[in-house]
Amino acid sequence: MKRLEKTSTRPYPIVLTFDFEGLADAVLEVTRPSCIMIITDSHVAPLYLEQVCEKLKGIAPIYSTVFEAGEQSKHLGTVTPIYDTFIEYQMDRSSLIVALGGGVVGDLAGFIASSYMRGIPFVQIPTTVVSQNDSSMGGKVGVDYLMHKNMIGAFYQPSLVYTNLATLKTLPEREVLSGLAEVLKHAFIKNKALYDYLLEKRDKILAQDLEALEEMTYASCLVKCRVVEADTREMGLRKILNFGHTLGHALETVSNFTILHGECVAYGMVMAAWISFKRGLCTQTTLETIKSLCDDYHLLQPLQNIELDKVVAHVVFDKKKSYGQVPFILIYDIGQVDIIKDVTEDEMRQALIYTQETCQ
Ligand SMILES: NC(=O)c1ccc[n+]([C@@H]2O[C@H](COP(=O)([O-])OP(=O)(O)OC[C@H]3O[C@@H](n4cnc5c(N)ncnc54)[C@H](O)[C@@H]3O)[C@@H](O)[C@H]2O)c1
């Protein structure tokens, strides 16, 4: 008998820096492309496309494609004309895709990279807090389908993540704050030191001090990478990254996306902490610590005009879709969470009432 062991994921560098100066060298370290296609959106293109093209000049012919910014573009209808462009430019397996933008660009461009000619290399240049701290790493790529988020996609890793933290200067403040909810989440689920850092350096982080952002993003990326490395295809541990997302996602849908994703995750984390406290899993101090940090980052605005029953019904609907398995992530202490599957509708309703009453 012969036996081969194959490794499932290949490592890739994540560069955190304050400009695009080192971009060409970083790209050449991971690939020698025959041509480069930059995929970006209509908000990011006028801000950064020219700079990025300038820095990549000389490596290979550069093309670009720009789609309308926003989640509403994250579907197959945006993907197919981009494949057409690839064919027109005779892109082959050694062509490189560069995803320049937030999570929508990264997910969509990554999906195209995973599927064109059964997979070509791609580089992420994330320009939002969400993408720099979360979506650009971990290899989940995809698009929405009908009413379902991220329904069509793949696990496909980038060759490089190149983060220029200075790009956050142009990001609208509400998007910055909302994105920080995912960083807080990383602290709550796995890194007490990151929690301490977020508490201590709040003013610098909110003022976008680049050194503070670099330190924060480094710690946040480490949490994401460690969890993903342990469970790339989300069979177990990776689910802890969904802390705050079960009720948060339902809230986002019921609010008709008027409350931003990160804001909903913040409410969701408070609700999960409240359920944990009521079950005796964590202390009241832990619950208040979570709420207070979310407050410090201006994430908990008054929660008005939300039909609580609809939020619960949405979670129940998700549960049916997932064969009765909508896992809740509950918390024991800062940095320590677990996956629990028996949270009741009543607990969810009470958690929503608590959050509504205390976020005034
Ligand atoms: N793949 C994953 O693991 C993962 C994880 C989390 C979220 N996501 C996905 O990420 C998406 C959300 O990502 P997002 O919050 O980055 O949203 P986004 O990509 O829509 O960006 C938010 C807005 O900011 C604009 N923008 C981006 N960078 C900018 C900059 N530097 N200056 C000014 N404007 C800028 C965008 O054009 C957009 O209007 C969702 O589709 C979500 O499903 C994926």
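This is a predicted model: local features need pLDDT of at least 70, side-chain atom pairs count only at pLDDT 80 or more; totals for chains, interfaces and linings use all residues.
Start with the overall layout. Where the two domains touch, domain 1 puts in 18 residues and domain 2 puts in 20. On the domain 1 side, strand E1 (14–17) and helix H5 (129–135) are the elements that give two or more residues. Of these, H5 gives the most, with five residues. Sorted by class, the domain 1 side of the contact comes out as ten nonpolar, six polar and two charged residues.

Helix H5 turns up again around the ligand, as one of the elements that supply at least two residues of the shell. The others are helix H4 (103–115), strand E7 (148–155) and helix H6 (173–190). There are 29 residues around the ligand, and the ones that come nearest are His-43, Gly-102, Gly-103, Thr-128 and Ser-135. As for the make-up of this shell, 14 residues are polar, eight are charged and seven are nonpolar.

That leaves the hairpin, which is built from strands E9 and E10 with two residues between them. E9 spans residues 328–333 and E10 spans residues 336–340. The two strands run antiparallel and are joined by five bridges. One of the pairings to look for is Ile-331, whose bridge partner in E10 is Val-337. In the turn sits Gly-335, with a positive phi of about 95 degrees.

How values were computed. Residues are numbered from 1 along each chain as its sequence is written. Two residues are in contact if their C-beta atoms, placed from the backbone, lie within 7 Å. Helices (H or I, at least four residues) and strands (E, at least two) are DSSP runs, numbered from the N terminus. Ala, Val, Leu, Ile, Met, Phe, Trp, Tyr, Cys and Pro count as nonpolar, Asp, Glu, Lys and Arg as charged, and the others, Gly among them, as polar. A residue is near a molecule or strand if its C-beta atom, placed from the backbone, lies within 6 Å of it. Two strands pair if DSSP finds at least two bridges between them.
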